[in-house]
Amino acid sequence: MGATLNREELKKKRDKYLFPSVKQMYADPPHFVKGRGQFLYDETGREYLDMFAGIVTVSVGHCHPKVTQRTVEQIQTLQHTSTVFMTQPMIDLAEKLAEIAPGDLDRSFITNSGTEANEAAIKTARVASGRHEVIALQHSYHGESHLASTLTANHNYRPDTMPASGIVHAANAYCYRCPFKKTPDNCNLECAKDVERVIQGSTSGKPAVFIAEPIQGVGGTITPPEPYFKEVKKILEQYGVLFIADEVQTGVGRTGQHWFGISSYGVVPDMITMAKGLGNGLPIGALITTTEIAEKASKQQINTFGGNPVSAATGVAVLQVIEEEKIMQNAHEVGAYMKAGMEDLQKQFPDMIGDVRGKGLMLGMELADKNKTPLTKEAARIVELAKDDGVVIGKGGLWGSVIRIKPPMNITKENVDTTLKVMRKAIEATAKVGVK
Ligand SMILES: Cc1ncc(COP(=O)(O)O)c(C=O)c1O
């Protein structure tokens with residue numbers, strides 16, 4: 001292993017060798033060299049509280065001893081065969097996913113990432129239905145392949161190339177900025193009804209599938225009202241349209257109480273895609289669907305690294321740790337505590353914090369002035385100042401104006417207190433002097 005470079009040396013090499021489009025969150029990024037639990041350490045040994053978990057990926061804490069031990073055992077025993085050979089970890093993982101998935105979702109295709117899981121889901125939906133068109137939601141993020149970036153409704157992540165065919169977008173359930181200028185008490189769920197308008201007006205009337213995140217992640221923790229997905233599902237059933245819940249961020253218990261975010265809406269989708277937190281940092285993804293749908297995907301599917309023994313064994317270990325350490329319950333309780341603290345901040349800074357939303361440890365705080373103008377520069381400044389004070393928080397939304405809190409799910413109330421204190425200081429400093 002080469003010598004560890006200091007951050008300035010590393011920055012120079014980064015600027016010389018990486019694609020400039022691989023942007024990092026900070027103007028002055030730390031050089032992280034170690035992670036333990038909910039903490040990161042830079043090359044000088046400085047500790048940072050990690051409230052963003054990579055990008056919402058380190059579900060049970062950095063280098064969790066049980067998970068890491070299972071990963072190491074497996075990598076020293078059998079690392080690779082591919083899906084064309086039979087190995088136990090991939091099948092153990094599929095069995096566990098069938099156990100935790102809602103309804104009769106009991107068949108899995110294991111991939112390396114969320115993008116691949118969504119690719120597999122759309123392909124399967126098209127093959128199973130014999131239809132082509134796909135409906136996604138405004139402000140969504142579904143990955144970075146050609147197809148997944150067209151599903152994504154955010155210009156920041158869509159290169160200027162020919163988009164994939166057959167994809168249309170419906171309005172999202174964004175109550176703070178309702179696309180129909182309504183309020184939740186008088187809206188009659190116009191956003192859900194828009195799915196029908198899109199089916200009738202922008203498709204052949206027979207689209208294959210609808211894909212949505214139960215809570216939009218990159219989009220800025222946009223959290224639909226409770227009856228939204230039930231209403232959408234009714235419309236989808238009427239038109240024979242399948243439903244994919246993209247649980248890449250909301251899966252493995254992040255929203256608290258349920259393994260999957262969609263379950264808190266009382267809806268069982270036809271397919272679930274997941275990734276990120278399932279591997280606690282190892283590359284993994286999964287598509288889970290019903291036997292009936294899986295059986296229609298009759299052509300052979302190969303994935304060289306998908307379901308590899310190391311990632312699959314790690315995935316099983318992560319799910320076991322979530323159960324053994326009651327991590328979902330922690331996400332629910334500590335998440336509620338964090339959300340209450342964010343709501344207090346909103347009361348203190350009403351001209352800067354427009355909305356606080358989310359469930360469990362999938363939380364967001366939209367920065368906006370009194371006229372709801374997004375405070376993009378302020379969000380960047382707050383994230384940078386928090387990092388300087390040793391707390392890593394995330395940022396997102398179409399305008400980069402949403403602070404995102406999505407930490408390892410084993411954080412404590414003490415970690416929350418530290419975060420709120422640092423955030424208050426950063427918001428105060430930003431409110432006082434503004435940003436240029
Ligand atoms: C909701 C959602 N879907 C899909 C993806 C793509 O996953 P990956 O980056 O593992 O390809 C992401 C990544 O952020 C995501 O947030």
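**Aromatic pairs and a ligand shell**

Okay, let's start with Tyr48: at 1% relative accessibility, Tyr48 counts as buried (under 20% relative accessible area, with exposed being over 50% and partly exposed in between; 1.4 Å probe, protein chains only). Before going on, this is a predicted model, where local features need pLDDT of at least 70, side-chain atom pairs count only at pLDDT 80 or more, and totals for chains, interfaces and linings use all residues. Residues are numbered from 1 along each chain as its sequence is written, and side-chain values use heavy atoms, with hydrogens and water left out.

On confidence, the chain averages a pLDDT of 96 (the predictor's confidence in each residue, from 0 to 100).

Now, the whole structure has 6 aromatic pairs (ring centres of Phe, Tyr or Trp, the latter by its six-membered ring, within 6.5 Å; planes under 30 degrees apart are stacked, over 60 edge-to-face, the rest tilted). Tyr48 pairs edge-to-face with Phe32, at 5.1 Å centre to centre and 85° between the planes. Phe32, at 31% relative accessibility, is partly exposed. Tyr228 and Phe229 are edge-to-face too, because their planes sit at 75°, with centres 4.8 Å apart.

Over to the ligand. Which residues are around it? Among them are Ser113, Thr115, Tyr141, Asp246 and Lys276 (a heavy atom within 4 Å). A side-chain N or O atom of Thr115 is 2.5 Å from a ligand oxygen, while for Lys276 that distance is 3.1 Å. Asp246 puts a polar side-chain atom 2.8 Å from a ligand nitrogen.

Methods:
A polar contact is a pair of N or O atoms within 3.5 Å; within protein, one must be able to donate a hydrogen and the other to accept it, and residues adjacent in sequence count only if both atoms are side-chain atoms.
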